[in-house]
Amino acid sequence: DVDGYQLTVYNIHVKPAVVQQELAALEQMIQDKGNMVLLGDFNADCSYYNAQQETEFDAWHWILGDQDTSVGKRACAYDRIILNDDALEEYGKKGIVSEGITESHSDHYLIWLGLEPREKK
């Protein structure tokens with residue numbers, strides 16, 4: 001809660017071997033209420049998960065979709081940003097910072113989200 005504005009953010013690192021199971025469990029656990037943002041290393045691409053075929057968070061908005069977030073030679077969209085309907089109304093920008101990021105820093109690029117709050121509760 002910042003000056004009356006409420007936002008719930010879940011940051012997750014999903015284990016590659018059980019992506020579908022962990023995302024299904026997360027979807028059942030959280031309440032789709034208020035401004036909700038899920039972000040992090042979902043391992044939701046390449047051999048781990050096919051976001052177009054699976055059904056987890058289908059009612060949500062995958063605003064950072066199939067864009068490469070892997071620093072290595074593989075072009076995989078492991079990192080994701082997902083918004084519920086309320087947060088989507090306040091969605092402003094998203095991005096991936098790749099410039100200057102090398103494998104000595106991380107095996108992932110940085111992802112970011114900008115919201116434009118329109119409501120206070």
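1. A word on the basis before the details. This is a predicted model, in which local features need pLDDT of at least 70 and side-chain atom pairs count only at pLDDT 80 or more, while totals for chains, interfaces and linings use all residues. Residues are numbered from 1 along each chain as its sequence is written, and side-chain values use heavy atoms, with hydrogens and water left out.

2. Let's start with the sheet. Four strands make an open sheet with mixed pairing, in the order E1-E2-E4-E3. Helices (H or I, at least four residues) and strands (E, at least two) are DSSP runs, numbered from the N terminus, and two strands pair if DSSP finds at least two bridges between them. Strand E1 (8–13) and E3 are at the edges with a single partner strand each, so one side of each is left without a neighbour in the sheet. On average, neighbouring strands are turned by 25° against each other, direction ignored; the axes here are lines fitted to C-alpha atoms, for helices over the stretch in contact, and angles run from 0 to 180 degrees between N-to-C directions.

3. Now the pairings. E1 and E2 are parallel, with six bridges, and Thr8 has Met36 in E2 as its bridge partner. From E1 the chain passes through helix H1 (residues 19–29) to E2 in a right-handed β-α-β crossover, meaning that, with the strands pointing away from the viewer, the path from the first strand over the helix to the second runs clockwise. Strand E2 (residues 36–41) is antiparallel to E4, with five bridges between them, and Leu39 faces Ile81 in E4.

4. The cores are worth a look. A nonpolar core is a set of buried Ala, Val, Leu, Ile, Met, Phe, Trp, Tyr and Cys residues joined through side-chain atoms within 4.5 Å. The largest has 15 residues, of which Leu23, Ile30, Leu38, Phe42, Phe57 and Trp60 touch the most other members. H1 gives the largest share, three residues. A second, separate core has six residues, including Val37, Ile63, Ile81 and Ala87.

5. Which side chains does Asp79 reach through polar contacts? Asp79, in strand E4, joins the side chain of Thr69 at 2.7 Å and that of His108 at 2.6 Å. A polar contact is a pair of N or O atoms within 3.5 Å; within protein, one must be able to donate a hydrogen and the other to accept it, and residues adjacent in sequence count only if both atoms are side-chain atoms. Asp79 is buried, with a relative accessible area of 6% (buried is under 20%, exposed over 50%, partly exposed in between; 1.4 Å probe, protein chains only).

6. Thr69 sits in the loop between strand E3 (61–64) and strand E4 (79–83), and is buried at 0% relative accessible area. A polar atom of the Thr69 side chain is also 3.2 Å from the backbone nitrogen of Tyr78.

7. Finally, please check Asn84, in the loop between E4 and helix H2 (85–88). Asn84 is buried, with a relative accessible area of 0%. Polar atoms of its side chain lie 2.6 Å from the backbone oxygen of Gly34 and 3.2 Å from the backbone nitrogen of Met36.
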